[in-house]
Amino acid sequence: MLRAVRFLFCLCVTLLCLGCHRTQALPSAYLFFTSDIEGVFWSRPEPRFGNEMTGGLAVLKAFLDKQTLPYVLLDGGNWYAQTPEGTLSKGEYFNTTAASLPYAGRLFTDKDLLYSWGSLGSIIKKSPFPFILSNVTAGGKTPPGAKPWLIVPAGEYRIGILGVVGRQAAQGKRRTGGLVVQDEIEAARKTVGILQQKGVNAIVLMSALGAADDKGGLTDARLAEEVPGIDVILSSNLGREAAETQKVGRTLIVYPGAKLDSVGQVGLFFDKNGQLSNVQFEDKVLYRRDFGEDASVAEQIAAVRRNARGPMNRPVGKLPQPLNGDLDGESTLGNWAADCIRKWAKADAAIMNADSLRADLPAGEVTQYDLYEVYPYADHIMFLDIKGVALKNALEQGLSVPHNFAQISGLRADYNPQAIAGKRIRFVTLNGAALSPTKVYRVAITDHMLAGGAGHDAFIDSLEFKNTQVEVRTILRSCLAGSKEPAAPALGRWRKVE
């Protein structure tokens with residue numbers, strides 16, 4: 001009898017522990033975070049995910065409709081500058097197409113100030129959900145349509161939210177009116193103190209610092225070190241495709257990636273006393289095949305895109321034959337684009353990454369919209385002074401970057417793709433002469449490549465850098481308009497050898 005009682009007691013304890021384990025397997029609530037949408041708010045084939053149809057607000061809405069746990073949805077800004085659909089509306093599309101999504105709050109970045117504070121202030125005022133601006137004032141007050149902090153429910157828990165914009169947002173900008181961006185650390189400390197006094201269960205900071213690669217700038221990691229009490233920092237304004245995370249003390253820093261092909265998901269785990277016990281991040285890819293699309297949002301997006309095509313359909317040039325790209329090798333489109341950049345820059349060489357060329361150019365009349373489709377980014381051209389040995393090493397390193405082959409102009413390279421990494425390039429010439437290891441060359445690339453965003457990150461070994469502040473698309477448009485009917489450049493700049 002005693003043995004049976006003991007067995008039943010042990011069984012009950014085991015089942016109770018298993019039950020506790022099951023309840024902890026799921027979070028108490030979620031944070032969902034988007035940022036750096038950059039005007040790419042529709043579903044499209046995404047090379048990073050095997051050209052599966054991914055992303056967009058309509059898929060995000062369908063994904064959210066399937067959620068069964070409480071959640072808070074936030075956006076970190078930089079929402080329009082890379083596409084004609086986003087740019088022509090100056091970001092207004094987010095106030096309309098995203099209005100039916102249950103966003104709790106938004107932030108803006110320096111890129112959203114492109115059309116002056118008057119334009120951005122109007123968007124903030126008309127936004128269907130508040131901007132959370134803890135260190136931004138206009139005329140000495142929190143801007144209409146904004147709040148210095150926010151407390152939102154997530155089931156039975158209260159989430160305190162603050163938003164911090166980098167002080168560089170207003171620096172060098174024209175027509176900023178009475179916009180003032182205050183010290184980020186001081187404002188964050190003050191606002192965290194207010195939220196703690198309000199008794200929230202977790203504190204979330206949205207950050208638009210955008211200084212992860214700037215050694216002199218304030219980073220999210222330093223902000224976490226300087227301001228205790230922050231549980232999660234949701235980072236934006238980095239313009240990187242892939243999601244990133246970092247842990248500083250108790251603070252989880254999350255960057256969800258750009259262009260809305262996925263959404264950042266942060267699981268919040270609270271104990272029985274309502275204390276935050278754990279946070280977990282997952283990059284949720286928005287596969288259309290898995291979640292479908294919200295029909296109403298999809299139709300609104302289609303209407304915005306149709307309206308954008310009107311003013312963008314003006315021809316800028318003509319091609320006698322199509323120019324096609326190739327992610328895994330040399331292409332006529334890549335050669336043409338690299339040639340355009342080298343000639344404009346009057347450089348010894350120019351190098352582009354294939355993945356930035358997102359569509360082919362058709363034969364016949366080419367419109368401004370076609371150029372946006374080909375290069376949907378606001379990247380600028382950089383001048384590099386680089387020694388021959390470093391240039392060869394950068395080309396060699398680029399051969400290890402999958403699906404992002406370097407497109408070159410002014411250069412010829414013999415290489416063996418089957419050789420081990422670091423030994424693939426056999427010989428390089430520049431304008432017909434062998435590349436000299438010690439000679440310094442002037443090379444034009446994009447700021448995106450220099451920052452390592454394309455995987456071709458060895459160009460950082462250059463001697464000097466200069467940002468021209470001229471967009472790639474502007475150069476391609478001038479190049480096309482300045483030629484009557486440019487022929488497709490011949491292939492053979494990269495030559496395979498044994």
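1. Leucine 411 stands opposite leucine 430 in strand S24, and S24 (residues 425-430) is joined to strand S23 by 5 bridges in an antiparallel arrangement; strands here are DSSP runs of E of at least two residues, helices are runs of H or I of at least four, both numbered from the N terminus, and two strands pair if DSSP finds at least two bridges between them. This is a predicted model, in which local features need pLDDT of at least 70 and side-chain atom pairs count only at pLDDT 80 or more, while totals for chains, interfaces and linings use all residues. Residues are numbered from 1 along each chain as its sequence is written, and side-chain values use heavy atoms, with hydrogens and water left out.

2. Strand S23 also runs parallel to strand S28 (residues 494-496), with 3 bridges between them, and alanine 413 stands opposite tryptophan 494 there. Because 4 of the 5 residues of S23 (residues 411-415) are buried, the strand is largely enclosed by the rest of the structure; buried means under 20% relative accessible area, exposed over 50% and partly exposed in between, with a 1.4 Å probe and protein chains only.

3. Helix H2 (residues 57-65) is mostly covered, with 8 of its 9 residues buried, including Lys61 and Phe63.

4. The structure holds 20 aromatic pairs, where rings of Phe, Tyr and Trp (its six-membered ring) pair if their centres lie within 6.5 Å, and planes under 30 degrees apart count as stacked, over 60 as edge-to-face and the rest as tilted. Phenylalanine 32 and phenylalanine 63 form an edge-to-face pair, 5.3 Å centre to centre with 75° between the planes. Since phenylalanine 32 lies in strand S1 (residues 29-34) and phenylalanine 63 in helix H2, the pair ties together parts that are 31 residues apart in sequence.
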